[in-house]
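I open this notebook to record what I looked up in the structure shown below. The entries follow the order in which I consulted it.

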Amino acid sequence: MTIVVGYRPDQFGEVALAHGITRARATSSPLVLVHVVREGDRPGVRAAEAEQLRAEVRDKTGTDVSVRQPTGDDSAEEVLQVVREVNAGLLIIGIRPRTAVGKLLMGSTAQRILMDSPVPVLAVKPGQAAAAVL
């Protein structure tokens with residue numbers, strides 16, 4: 001089962017990555033990191049960032065990871081496209097706390113992923129330890 005992690009370089013992406021690494025190790029599953037970048041970013045910069053992410057994960061954890069950096073304005077759809085392409089069995093995303101009003105509003109990337117994902121989604125928050133998978 002391939003595990004896909006929706007990643008961004010902040011505390012939400014880092015907690016999702018930590019959970020992805022833990023699950024990938026526990027289940028001997030391939031790990032794919034999806035880091036959506038904007039259309040204006042130069043391809044050379046994107047390639048360097050992808051290699052840096054791969055190297056950091058490998059150096060810190062010993063886990064090999066594939067990094068995808070799709071470009072587009074619709075981050076949710078870009079992540080879900082990778083989920084379909086790699087035939088993932090699990091998608092992990094970091095989520096931020098929302099106010100009561102924020103919970104009523106539709107259209108957030110995380111909410112779209114949760115509603116439209118063809119596979120189970122593990123939504124994690126900073127401060128939640130990545131427990132071993134049984």
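I began with strand β1, which is mostly covered: 6 of its 6 residues are buried. I take buried as under 20% relative accessible area, exposed as over 50% and partly exposed as in between, with a 1.4 Å probe and protein chains only. Thr2, Val4 and Gly6 point one way from β1, Ile3, Val5 and Tyr7 point the other way, and all are buried. In a regular strand the side chains alternate between the two faces of the sheet. Helices (H or I, at least four residues) and strands (E, at least two) are DSSP runs, numbered from the N terminus.

I note the basis of these entries: the model is predicted, so local features need pLDDT of at least 70 and side-chain atom pairs count only at pLDDT 80 or more, while totals for chains, interfaces and linings use all residues. Residues are numbered from 1 along each chain as its sequence is written, and side-chain values use heavy atoms, with hydrogens and water left out.

Next I looked up the partners of β1. Two strands pair if DSSP finds at least two bridges between them. β1 and β2 pair in the parallel sense over 5 bridges, and the bridge partner of Val5 in β2 is Leu33. β1 (residues 2-7) also pairs with β4 in the parallel sense, over 4 bridges. There, Val5 stands opposite Ile92, and Val4 has Leu91 as its bridge partner.

I then turned to β4 (residues 88-94), where 6 of the 7 residues are buried. β4 pairs with β5 (residues 121-124) in the parallel sense over 4 bridges; the bridge partner of Ile93 is Ala123.

What is the strand order of the open sheet? I read it as β3-β2-β1-β4-β5, an open sheet of 5 strands with parallel pairing. The edge strands are β3 (66-68) and β5, each pairing on one side only. The twist averages 20° from one strand to the next. For such angles, axes are lines fitted to C-alpha atoms, for helices over the stretch in contact, and angles run from 0 to 180 degrees between N-to-C directions.

I looked up two helices on this sheet. Helix α1 (residues 11-27) packs on the sheet and touches β1, β2, β4 and β5, where contact means heavy atoms within 4.5 Å. The direction of α1 makes about 170° with that of β1. Helix α5 (residues 109-116) also packs on the sheet, touching β4 and β5, and its direction makes about 160° with that of β4.

Is Ser117 buried or exposed? Ser117 counts as buried because its relative accessible area is 14%. Not counting residues up to four places away in sequence, Ser117 touches Leu80 and Leu91. Ser117 and Leu91 are 26 residues apart in sequence and 8.2 Å apart in space, C-alpha to C-alpha.

My last entry concerns the lining of the largest pocket. α5 gives the most to this lining, with 5 residues. Each of β1, α1, α3 (75-85), β4 and α5 supplies at least two residues of the lining. By class, the lining has 10 nonpolar, 7 polar and 5 charged residues. Here Ala, Val, Leu, Ile, Met, Phe, Trp, Tyr, Cys and Pro count as nonpolar, Asp, Glu, Lys and Arg as charged, and the others, Gly among them, as polar.
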